[in-house]
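Thank you all for coming.

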Amino acid sequence: VAYGILLDFVLRILGGARLSVVGRIATILAWPLEPKVRMGRPKQFAACCGFLFSLCASVAYLVPFPGHVITGATFMGMLAIATGMEGFLDFCLGCVFFKVGIQ
């Protein structure tokens, strides 16, 4: 699962929701809803953060060291929490970090 998410984040960074498999599925499922227009750069930064978390999780699963499974699961859990906040609460944690970083 971590490798699939990693690949999806790579596609999302390269081409936005057009290339992302998850983005395509979300677009199809959400077609009856009113789209919310968001600024591109904070969302791109959030996708880069997701890429880094899924990359860390994938590396932790691949490289055997003491506690590597727990480390990978922790990174995936943090990614799931951030994604859940975005999906259910409409709160983009990566966008907040982007705003703090540019100030």
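Let me start with the second largest pocket, whose lining is made up of Arg38, Met39, Pro42, Lys43, Glu86, Asp90, Phe91, Cys92, Cys95, Val96 and Lys99. Please keep in mind throughout that this is a predicted model. The elements that contribute two or more residues to this lining are H3 and H5, and H5 provides the largest share, with 3 residues. The second largest pocket holds about 190 Å³ of space, and, sorted by class, its lining has 6 nonpolar residues, no polar ones and 5 charged ones.

Two of those lining residues, Lys43 and Glu86, bring me to the next point. Lys43 forms a salt bridge with Glu86, and the closest N and O atoms of the pair are 2.7 Å apart. Lys43 belongs to helix H3, residues 40–62, whereas Glu86 belongs to helix H4, residues 68–89, so this pair ties together parts that are 43 residues apart in sequence. Are these two partners buried, partly exposed or exposed? Lys43 counts as partly exposed because its relative accessibility is 28%, and Glu86, at 27%, counts as partly exposed as well.

The structure holds 2 salt bridges, and I will turn now to the one between Arg12 and Asp8, where the closest N and O atoms are 3.1 Å apart. Here both residues lie in helix H1, residues 2–15, with a spacing of 4 residues, which is about one turn of the helix. Asp8 has a relative accessible area of 7%, under the 20% limit, and is therefore buried, while Arg12, with a relative accessibility of 26%, counts as partly exposed.

Two or more lining residues come from each of H1, helix H2 (21–29), H3, H4 and helix H5 (93–102), with H4 giving the largest share, 9 residues. By class, the lining of the largest pocket comprises 22 nonpolar, 10 polar and 8 charged residues.

Methods:
Residues numbered from 1 in each chain as written. Predicted model: local features only at pLDDT ≥ 70, side-chain atom pairs only at ≥ 80, totals over all residues. Heavy atoms only, no water. Salt bridge = Lys/Arg side-chain N within 4 Å of Asp/Glu carboxyl O. Buried < 20%, exposed > 50% of the residue type's maximum accessible area, 1.4 Å probe, protein only. Nonpolar A, V, L, I, M, F, W, Y, C, P; charged D, E, K, R; others polar. 1 Å grid on protein atoms, 1.4 Å probe; cavity = no way out; pocket = protein on both sides within 12 Å on 5 of 7 lines; lining within 4 Å. Points joined across faces, edges and corners; volume = space filled by probe spheres on them.
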